[in-house]
Amino acid sequence: MDRTIEYVIAPTDDGLRVEQYLRRKGYSGQNLTVLKRMPQSILVNNEHYYMRQILKSGDHLQVRIQENQSSAKIPPVCLPLDIIYEDEDLIVINKPAGMPIHPSMNHYTNSMANALAWYYQQQGKPFIFRCCNRLDRDTSGLTVVAKHLVSGNILSAMTHDKTIRREYLAIVRGHIRPESGTIDAPLARKSGTIIERIVDPKQGERAVTHYSLVREGNGHSLVSLVLETGRTHQIRIHLKYLGYPLVGDYLYNPDMEYIHRQALHSYRLSFPHPITGEPMEFTTPLPEDMRSIIGLGTGNF
């Protein structure tokens with residue numbers, strides 16, 4: 001993926017070394033190391049610069065990212081992709097339930113990564129898979145993928161420092177009570193398994209989920225959830241801990257009367273653009289299998 005990022009040096013940044021300026025823009029040390037190995041990767045006023053050279057107010061800085069390799073072990077496969085948004089730095093996808101994010105032993109050719117590898121292969125572009133908010137296979141909805149090493153690093157940092165705001169919609173049986181609140185319960189891996197998680201006050205890592213009731217229908221509650229942390233299976237375990245497990249969750253609540261996958265949808269993503277800083281927000285409608293549980297029409301969510 002070739003990408004040229006351009007900056008005009010402000011008076012407040014006069015006298016900074018190139019590496020100092022780029023670190024202020026969110027580039028990691030690893031980003032700078034990789035860029036050093038790329039030919040003519042740093043140009044200032046159309047002249048090649050090294051990382052330790054000094055910038056002056058008004059300088060025109062170009063960062064030329066040249067990635068010519070593709071991710072190993074991700075074979076391109078022609079699969080449907082619901083692309084919500086795409087630019088030179090990132091792509092936002094509405095992932096269907098049942099599609100894994102990346103290949104695994106039993107899902108080597110049917111993941112979102114396979115579909116993206118095909119998508120870019122058809123454009124003659126290399127592809128390195130950098131997904132920034134991973135979803136479980138049976139969770140539907142929005143996920144963001146970086147298109148080069150710099151946006152990948154910045155988006156990953158946003159995930160860790162909670163700059164990316166993630167809102168999910170979930171369905172549980174019954175009337176959830178209290179109707180809103182915060183679940184603050186540490187999570188740890190369950191002994192004897194590499195998959196399941198449990199609430200563990202002694203060994204667990206802190207996990208915080210804010211929730212509120214959106215509406216009720218057909219004996220079920222549609223619940224909005226905003227993550228403050230991003231632990232594995234966090235929503236699934238937290239709702240079970242509250243006493244209202246997700247319907248259709250084969251691992252933690254095999255209530256398959258109305259749906260055959262966990263009723264969880266990544267509904268909204270908002271974050272500043274990793275390169276421009278412009279605010280971005282995306283939503284995607286609740287899928288039909290979740291709508292039917294609570295009797296939602298096509299005009300809602």
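The backbone nitrogen of Val144 sits 2.7 Å from a polar atom of the Asn133 side chain. In this predicted model, the Asn133 side chain also has a polar atom 3.2 Å from the backbone oxygen of Leu142. You will find Asn133 in the loop between β7 (130-131) and β8 (140-146).

Is Asn133 buried or exposed? Its relative accessibility is 3%, so Asn133 counts as buried, the cut-off being under 20%. Beyond residues up to four places away in sequence, Asn133 touches Leu142, Thr143, Val144, Arg166 and Leu269.

As a general point, nonpolar side chains in soluble globular proteins tend to be buried together.

## The largest pocket

The largest pocket holds about 1,200 Å³ of space. Its lining is made of 37 residues, and those nearest the pocket centre are Arg134, Leu135, Asp136, Thr232 and His233. Helix α4 is one of the elements that give two or more residues to this lining, together with β9 (165-173) and α5 (234-242).

How does the lining of the largest pocket divide by residue class? There are 13 nonpolar, 14 polar and 10 charged residues.

Helix α5 is worth a look of its own. Its buried residues are Gln234, Ile235, Arg236, Ile237, His238 and Leu239. Just after α5 comes Gly243, with a positive phi of about 105 degrees.

## The second largest pocket

The second largest pocket has a volume of about 160 Å³. Leu187, Ala188, Arg189, Arg197, Glu205, Gly230, Arg231 and Thr232 line this pocket. Thr232 is also one of the residues nearest the centre of the largest pocket.

Strand β11 (residues 187-189) gives the most to the lining of the second largest pocket, with 3 residues. By class, this lining has 2 nonpolar, 2 polar and 4 charged residues.

## An enclosed cavity

How many cavities of 30 Å³ or more does a search of the whole structure find? The search finds 1, and the largest cavity contains about 60 Å³ of space. Met1, Glu67, Tyr120, Pro126, Phe127, Ile128, Val145, Ala146 and Lys147 form its lining.

The lining of the largest cavity has 7 nonpolar residues, 2 charged residues and no polar ones.

## Thr109 in its loop

Where is Thr109? Thr109 belongs to the loop between β6 (90-95) and α3 (112-121). With 42% relative accessibility, Thr109 counts as partly exposed.

Thr109 and Cys78 are 31 residues apart in sequence, and their C-alpha atoms are 9.5 Å apart in space. Setting aside neighbours within four places in sequence, Thr109 contacts Pro75, Val77, Leu79 and Asn114.

Methods: Residues numbered from 1 in each chain as written. Predicted model: local features only at pLDDT ≥ 70, side-chain atom pairs only at ≥ 80, totals over all residues. Heavy atoms only, no water. Helix = DSSP H or I, 4+ residues; strand = E, 2+ residues; numbered from the N terminus. Buried < 20%, exposed > 50% of the residue type's maximum accessible area, 1.4 Å probe, protein only. Polar contact = N/O pair within 3.5 Å; in protein donor to acceptor, adjacent residues only side chain to side chain. Contact = heavy atoms within 4.5 Å. 1 Å grid on protein atoms, 1.4 Å probe; cavity = no way out; pocket = protein on both sides within 12 Å on 5 of 7 lines; lining within 4 Å. Points joined across faces, edges and corners; volume = space filled by probe spheres on them. Nonpolar A, V, L, I, M, F, W, Y, C, P; charged D, E, K, R; others polar.
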